[in-house]
Amino acid sequence: MTTHLSRRRLLTGGAFLGGALAVPGLLTACSRTEAGTGAPAGDADLLERLRKQGHVRVGFAGEAPYGFQDGGELAGEAPTLHREIFTALGIPELRPTLTEFGTLIPGLLAGRFDVVSAGMAITPERCAKVAFSEPEFVSPTALMVRKGNPKGLSDLASCAGKQVRVGVLTAAVEASYAKAAGVRDGSVVAVAKQQDGLDALLAGRIDAFALTGISLRWLARTNEGAAVEVLDPFVPVVDGVEQHSPGGAVFRQGAVSLRKAFDEELAKITGDPARYVRLIGKYGFTEREVPPRTLRTADLCAG
């Protein structure tokens, strides 16, 4: 059995249309659109319409390494996979719109873009409003430790056994993972930002920093030269349930043919781990992030 607890926060930004930044305008004005209203008609033939026009409009939230702007170009896990998939479907161009994470689903439903390309977590609450692709990745947890791993840690259970201090992001799911693994409450140290966790580790205030392996590898990359290392990821278990934390592309529920065609091409990538890593390895994704074949969106949506 699998489940997911989302850690996404709201992110700010402007619109990014046709490759250039612009003032948000309508985006922010409609950011509180009621889910399920204002969606464009005709999604049944959306795949063919996109092929004819040669581009697909994608929404993203400026969150590295999932989907972000890098030197004026759309980059990250989701846009890279989606560009590969849509090109295979005969739709060679992604036209991106940057918005807050919390306005991605309302923007999709209102027809401002055709697909959400942001590594969004698949949850039953979101599935009630939109349709997700099959999982693009899973987010196993990892530990960042000081260089050389002086405490000899491997996972949260080892942190509990050796009674070390574990850093977690405030209000993030790793605190519950640590508790489930037996880490004492007094040994769990909350930090406000990812950078704060790395700094606390270097200063000796904590012995390990727990977060997704994806985020920790990105943090290490953006702090090149820091005397830290990221250990091999592991899948936490809470009350007997593995916490895989999968994410995927998001479509309007009426876009059935587009989503099915997308899933067929996605399966070719996730079924070839070497290709998967070749495409998005530079963003910190490894074979550990390839979703298991048994992990299905229908099950995740059912809770």
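Helices α2 and α10 of this predicted model are roughly perpendicular to each other, because angles of 65 to 115 degrees are counted in that class (under 35 degrees is roughly parallel, over 145 roughly antiparallel, and the rest oblique). Helix α2 (residues 46-53) and helix α10 (residues 256-270) pack at an angle of about 75°, and their axes lie 6 Å apart. Axes are lines fitted to C-alpha atoms, for helices over the stretch in contact, and angles run from 0 to 180 degrees between N-to-C directions. Helices (H or I, at least four residues) and strands (E, at least two) are DSSP runs, numbered from the N terminus. In the contact, Leu-46, Leu-47 and Leu-50 of α2 meet Ser-257, Leu-258 and Ala-261 of α10, where contact means heavy atoms within 4.5 Å. The residues of this contact comprise five nonpolar, one polar and no charged. Here Ala, Val, Leu, Ile, Met, Phe, Trp, Tyr, Cys and Pro count as nonpolar, Asp, Glu, Lys and Arg as charged, and the others, Gly among them, as polar.

Helix α10 also packs against helix α11 (residues 273-280), at an angle of about 100° and with the axes 6 Å apart. The pair α10 and α11 is therefore roughly perpendicular. Lys-268, Ile-269 and Thr-270 in α10 meet Pro-273, Arg-275, Tyr-276 and Leu-279 in α11. Four nonpolar, one polar and two charged residues make up the contact of α10 with α11.

Residues are numbered from 1 along each chain as its sequence is written. Local features need pLDDT of at least 70 and side-chain atom pairs count only at pLDDT 80 or more, whereas totals for chains, interfaces and linings use all residues; side-chain values use heavy atoms, with hydrogens and water left out.

The chain has twelve helices and 17 strands. Among contacts between residues at least 6 apart in sequence, 75% join residues at least 24 apart.

Two strands pair if DSSP finds at least two bridges between them. Strand β10 (residues 141-146) pairs with β13 in the antiparallel sense over four bridges, and Thr-141 stands opposite Thr-212. Strand β11 (residues 166-169) runs parallel to β13 and is joined to it by two bridges, with Val-166 opposite Ala-208.

Strand β11 also pairs with strand β12 (residues 188-191), in the parallel sense and over four bridges. Between them the chain passes through helix α7 (residues 174-181), and this β-α-β crossover is right-handed (with the strands pointing away from the viewer, the path from the first strand over the helix to the second runs clockwise). In β12, Val-188 is the bridge partner of Val-166, and Ala-190 is that of Val-168. Ala-190 is exposed, with a relative accessible area of 51%.

In α9 (residues 213-221), Gly-213, Ile-214, Ser-215, Leu-216, Trp-218 and Leu-219 are buried. The buried residues of α9 pack against β5 (68-70), β10, α8 (194-203), β13 and β14 (228-230).

Another open sheet of five strands has the order β7-β4-β8-β17-β9, again with mixed pairing. Its edge strands are β7 (93-98) and β9 (131-132), each of which pairs on one side only. Helix α3 (residues 77-88) packs on this sheet and touches β4 (55-60), β7, β8 and β17, its direction making about 135° with that of β8. Strands β8 (residues 115-121) and β17 (residues 247-251) run antiparallel and are joined by three bridges; in β17, Gly-248 is the bridge partner of Met-120.

Notes:
Buried means under 20% relative accessible area, exposed over 50%, partly exposed in between (1.4 Å probe, protein chains only).
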